Amino acid sequence: MPIQHVNGTALYYEAAGRGTPLLFLHGQGLTHAMFQPQIEYFKSSYRVIAVDLRGNGRSGKLQVPSDRVIETQCEDLSLLLGYLGIQRAVLIGSDYGGILAQRFAYLYPDQVCALIVSDSAYKNLATTFAGKTLFALAVLSQLTSYLPGEFFLRSLRAMYNRWDLAYQNLRMGWLHKRTSEMLKQSMAASRIDFTAILPRIQVPAFCLAGDQAEADIRQMKETARLLPRGRFELIEDSFHLSNLCQPNLFNERIRRFLEEQRM
């Protein structure tokens with residue numbers, strides 16, 4: 001079992017292939033397994049690393065304050081890359097993993113050769129009074145995560161009835177969730193505002209969103225606009241977690257971007 005002890009915790013990861021390293025960062029409440037279609041596709045041409053972030057999956061506990069979660073997880077990843085002998089990697093982050101990828105690219109620019117972010121956010125947009133009220137309600141709703149995972153499966157099935165692979169991954173995430181740590185990461189993500197740091201990230205960047213996910217589209221378009229070398233594309237007939245809704249399209253877009261960058 002590939003587990004590396006770094007930064008006071010244990011990180012579970014899987015690695016395959018040779019070539020330019022691609023580091024995959026998973027979404028909220030999920031694990032490295034959400035990138036299985038990408039691992040299988042890219043491992044013949046690239047060195048693929050998929051990790052369970054601290055507080056998720058088979059990795060160690062998230063024993064840090066919520067205002068230190070993202071920075072600590074970035075430290076973990078920096079040390080893991082060093083252990084693996086990787087000087088620079090392409091970061092590929094979805095959902096919460098996309099938030100982490102953006103922050104990592106700012107904190108550790110020398111370890112990043114390109115940035116790929118999908119179905120994620122650069123900022124908590126709840127800045128008005130109404131927005132803050134809605135955000136407070138959303139935080140309260142997070143407390144429902146303490147209910148059994150089966151409680152949510154019917155509505156989840158209805159939401160993802162066209163995208164079974166995404167549903168199956170989300171279903172496993174809910175059934176095996178680490179509730180307190182998931183809530184702490186949600187609180188950390190709710191505080192982000194990368195408006196000032198994105199213009200300082202100078203690597204080639206690619207932002208994607210499913211064409212059925214309006215909130216993701218708004219966030220990813222603005223992220224691409226703020227990144228000096230950013231661009232944005234839609235994944236057709238796709239919802240949140242576009243890498244699972246349309247894995248073939250997602251993989252083809254990523255491969256094309258990497259080839260254009262000669263990676």
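Which residues are buried in α7? In this helix, T179, E181, M182, L183, Q185, S186, A188, A189 and S190 are buried, where buried means under 20% relative accessible area, exposed means over 50%, and partly exposed lies in between (1.4 Å probe, protein chains only). With nine of its twelve residues buried, α7 is largely enclosed by the rest of the structure.

A few words on the model come next. The structure is a predicted model, in which local features need pLDDT of at least 70 and side-chain atom pairs count only at pLDDT 80 or more, while totals for chains, interfaces and linings use all residues. Residues are numbered from 1 along each chain as its sequence is written, and side-chain values use heavy atoms, with hydrogens and water left out.

The protein chain has ten helices and eight strands; helices (H or I, at least four residues) and strands (E, at least two) are DSSP runs, numbered from the N terminus. Of its 263 residues, 54% count as buried. Among the contacts in the protein chain with a separation of 6 or more, 74% come from residues 24 or more positions apart, a contact being heavy atoms within 4.5 Å. The structure holds zero disulfides, a disulfide being a pair of cysteine sulfur atoms within 2.5 Å. C113 is buried at a relative accessible area of 13%, and C245 is buried as well, at 8%.

Helix α7 covers residues 179–190, and its end C-alpha atoms are 17 Å apart, which agrees with the 16 Å that twelve residues should span at 1.5 Å a residue. That expected span is 1.5 Å times one less than the number of residues.

How does α7 meet helix α2 (residues 69–83)? The two axes come within 9 Å and cross at roughly 105°; axes are lines fitted to C-alpha atoms, for helices over the stretch in contact, and angles run from 0 to 180 degrees between N-to-C directions. The helices are therefore roughly perpendicular to each other, on a scale where angles under 35 degrees count as roughly parallel, over 145 as roughly antiparallel, 65 to 115 as roughly perpendicular and the rest as oblique. On the α2 side, V69, I70 and Q73 meet K184, Q185, A188 and A189 of α7. These residues divide into four nonpolar, two polar and one charged, with Ala, Val, Leu, Ile, Met, Phe, Trp, Tyr, Cys and Pro counted as nonpolar, Asp, Glu, Lys and Arg as charged, and the others, Gly among them, as polar. Helix α2 also holds S78, which is buried at 13% relative accessible area. Beyond its neighbours within four places in sequence, S78 touches F104, Y108 and Q111.

Two loop residues come next. N124 sits in the loop between β6 (112–118) and α4 (129–142) and is partly exposed at 23% relative accessibility. The C-alpha atoms of N124 and A189 are 7.9 Å apart, although 65 residues separate the two along the chain. P228 belongs to the loop between α8 (214–226) and β8 (230–235) and is partly exposed, at 44%. Apart from neighbours within four places in sequence, P228 is in contact with L198, P199, I201 and Q202.

Finally, G210 lies in strand β7 (residues 205–210) and is buried, with 0% relative accessibility. Leaving aside neighbours within four places in sequence, G210 is in contact with D119, I217, L234, I235, S238, F239 and S242. From G210 to H240, 30 residues away in sequence, the C-alpha to C-alpha distance is 6.0 Å.
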